[in-house]
Amino acid sequence: MNRVLTLGRSLVLWLALPIVLLVVWWFDSAGSSSFYYPPLRTIVSALHREWLGHRIVDDVIPSLVRLLVGYLVAVAVGVALGVLVGLRRRVRLAAEPVLEFFRAVPPPVVVPVLLLVVGIGSTTKVVIIASGCIWPILLNTVQGVRGVDPVLTETARCYGLDGWARLRTLVLPAASPQIMAGARQGLSIAIILMVISEMMASTGGIGFTVVKFQRNFAMPEMWSGILVLGLIGIVLAMVYRLVERRLLAWYVGMRRLERGEG
Amino acid sequence: MTSQTTAAVEVRHLKKVYEGKRSFEAIRDLSFAVDPGELVCIVGPSGAGKTTLLKCIAGLLRPSGGEVLLDGGAVSGPPEQMAVVFQEYGRSLFPWLTVRANVELPLKQKGVPAKRRAELTDRALEAVGLADFGSSHPWQLSGGMQQRVAIARAVAYEPEVLLMDEPFAAVDAQTRADLEDLVRKLWADLGMTILFITHDIDESIYLGQRVLALSSAPTVVMEDVTIDLPAERDQLTTRALPAFADYRTRIYGQIQLAKAGGRPAPVVQTVAG
Amino acid sequence: MSVRPIALPGRPTHGRPGRSLPAYAAGAANRVAGVVLVLALWEVVPHLGLISRSALPPLDRVVRAFGDLLGRADLWSAVRETVTGWAIGLAIAVVAGLVVGFLIGTIPWARELTESTIEFLRPIPSVALIPLVVLVYGTDIRSALILVVYASFWQMLIQVLYGMQDVDPVVRETARSYRFGALARMRYVVWPTALPYVMTGLRLAATVALVLEITAELVIGGRGLGSLLARAQSSGAIDNTYAIVVITGLLGVAVNLLAQRAERAALAWHPAHREVPA
């Protein structure tokens, strides 16, 4: 009974503020006459009308596919290169200044460059996303690989763990917390790039649709698009957290113990 | 009495110099031999290059001069017949694997089939008293238990030579006593050759059949002491024997001499083998 | 359901006896070699035609464009514009983050109540607001400001919340046993614990702020570096495009270095290093 009560209380605490805010938004905007602040009711119906139909197939899914492909390519290439660079001291030292510079460049600048070089197209957008978000993944992988405890490496050597086996059973698991941190940053960047590449130079996609509504001064529709983007951000963050929790269960447990939270 | 799976370790004129702006001669000239199935302890002052010596024997470091022979063959990389237990137990176990998976990993690498792996792992975990902890993660265990896992891993590997680098230095005294007895028991049961490095003189006498006292860097052997104590050893009674105290005095004296920069007395050393 | 991210392993330091000067110098030599190699490739590859010159202009052309740009007044005013937008947005975000974080950290139950809202609002991409702010504010600086502040605020807030949560229980008990009042506890216990987190938040927020500032200029317009870049691209001036990208990169490097210095200065005395993604 106690457990149900505490669960119930957590649920209430969790939902209380969001519900209050939504209610306030609903009633505050209901009587609104401002053009840019339409009633929440109209936004919701626009959401229902515009986004739950053909648009899912025509715009939403392609956008998400481009995002995922670009992101996963960046992860694969970033981790692979990061491992290669991180394992050899000389290569790492040589590559570090250049990689750090590339990472310091704000990712969105990749959009105009690639537009000029490759032109508009679906592949361009994927390339934009991949080339923008690969840097934190690559650099974090290098750091993670470099930071593998030397005692673990010596243990591995003693027991004859070499080459691929060592990579699979030692290097990648040991570096995984840092790699995941880099991948999280990469995900944020990927989302930004997906949105702005569609806003700037596209004939389809979620970003393009929202801009189209904006240009046509279709306010509730535009707001509904913003909500859709927000929802995508939230859902992706949640999915990421689930994946991370699964892959790094051992790490979370270990850190919790170290911090004395038992 | 040699069992078929033990080996002789021989160190011949081992020399190790760390290169750099200031080159550092860790080991000058070490020579000794270990018979198959012997339990030899190596003691020395801090900075005596004990860990360097162990790493050279284990094939983790390449010597600058001299050689290490395992069963007559030169050691050039980590040999399959050796297992090492490090001092930093916490950091030598893979935190993302369970205890069981940790113990099994070297066996998997060796290509041991699954059924036999399970057997060896079960036996090893039971031998160190951790049969119930197979599915825990190392970091959930206490320090002493983690070291037991490392020992289990080494033992399951069925090595001919077991190298232990100050394995109990970071463990509390009570646990250390238990672990010392565990080592002697495993040695009695499995009959492998053990090289045990420690800075604790009492421990070296309690455990060893022979004790090698090392000088400080550049290291040489100060004295090779045969420990003539009964084979059945016990923390209370053995340590109370007058002979124990004698050995302690003798080795302590050598270590003090070593710390003051002394060198071994010019005695003809009988090197077995 | 906690708001805390996964913290990272600290790397144990292992000096071999006497880390020698040649080793350190060799490191620097390697680094320089790497940079030189990349620059050399940049010059040679387009000339050889391995990559088309219209895709990647050779280094010398970009360097020339870079030099020309540095002499132009509109570049410097663009830099000023970008830095101004970045700085104002960052300042607002930092102050807001500190205030809100402090309130949430001290008011009882505030943390539990706001946790879900933060989790929902935080992942919303700031760039989703672009169409809205363009309509309301046009190319005014306020457009960019809203985007910058929205994104950076969360970085700061999250760190402040960690900081306030991270007080060592032993320290807290000690303060209580010496009967420290609330104000004294804030000053001697909470603030010193939170300070490193605040500095980390500052670093993260500074980086994000620059990204959003450039993004806003790129997409919305105005007179900053981003808009300069967009104009170069739309007029097909590829040398200038690359040169401006380099300038933007240098600006990013400068922001990173500044923030890292500040963070290091605050962390210098702090014994327990909690780690955060780089």
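Predicted model: local features only at pLDDT ≥ 70, side-chain atom pairs only at ≥ 80, totals over all residues.
Biologist: What makes chain C a helical chain?

Modeller: The secondary structure of chain C comes to 10 helices and zero strands. Read from the N terminus, its elements run α-α-α-α-α-α-α-α-α-α. Of the 278 residues of chain C, 38% count as buried.

Biologist: What span would a straight helix of 39 residues have, and what does helix 8 of chain C span?

Modeller: A straight helix of 39 residues would span 57 Å, whereas helix 8 of chain C, residues 182-220, spans only 47 Å between its end C-alpha atoms. This helix also bends by about 45 degrees at Trp191(C). A proline, Pro192(C), follows within four residues of that position. Just after the helix, Gly221(C) takes a positive phi of about 120 degrees.

Biologist: Why is helix 8 of chain C called largely enclosed?

Modeller: A residue is buried if 20 or more other C-beta atoms lie within 10 Å of its own. In helix 8 of chain C, 28 of the 39 residues are buried, and the helix is therefore largely enclosed by the rest of the structure. Helix 6 of chain C is likewise described as largely enclosed, because 22 of its 25 residues are buried.

Biologist: Which part of chain A supplies the largest share of the side that touches chain C?

Modeller: In the contact between these chains, 59 residues of chain A meet 54 residues of chain C. Helix 8 of chain A supplies the largest share of the chain A side, with 11 residues. The residues of that side divide into 46 nonpolar, eight polar and five charged.

Biologist: Why are strand 5 and strand 6 of chain B said to stand at the edges?

Modeller: In chain B, 10 strands form an open sheet in the order 5-4-1-2-10-9-3-8-7-6, with mixed pairing. Strand 5 (73-74) and strand 6 (82-85) each have a single partner strand, so one side of each is left without a neighbour in the sheet.

Biologist: How do you know that strand 4 and strand 5 of chain B pair?

Modeller: Pairing requires at least two bridges between the strands. Two bridges join strand 4 (residues 65-70) of chain B to strand 5 of chain B, and the strands run antiparallel. In one of these strands, strand 5, Ala74(B) is the bridge partner of Leu69(B).

Biologist: What makes strand 8 of chain B a mostly covered strand?

Modeller: Six of the six residues of strand 8 of chain B are buried. On one side these are Thr193(B), Leu195(B) and Ile197(B), and on the other Ile194(B), Phe196(B) and Thr198(B), so that both faces are covered.

Biologist: In which sense does strand 8 of chain B pair with strand 3 of chain B?

Modeller: Strand 3 and strand 8 of chain B pair in the parallel sense over five bridges, and Leu195(B) in strand 8 is the bridge partner of Val40(B). Strand 7 and strand 8 of chain B also pair in the parallel sense over five bridges. There, Phe196(B) of strand 8 is the bridge partner of Met164(B).

Terms used
Residues numbered from 1 in each chain as written. Chains lettered and ligands numbered in written order. Expected span 1.5 Å × (residues − 1). Bend = angle between axes of the 7 residues up to and from the residue. Buried ≥ 20, exposed ≤ 12 C-beta atoms within 10 Å, placed from the backbone. Contact = placed C-beta atoms within 7 Å. Nonpolar A, V, L, I, M, F, W, Y, C, P; charged D, E, K, R; others polar.
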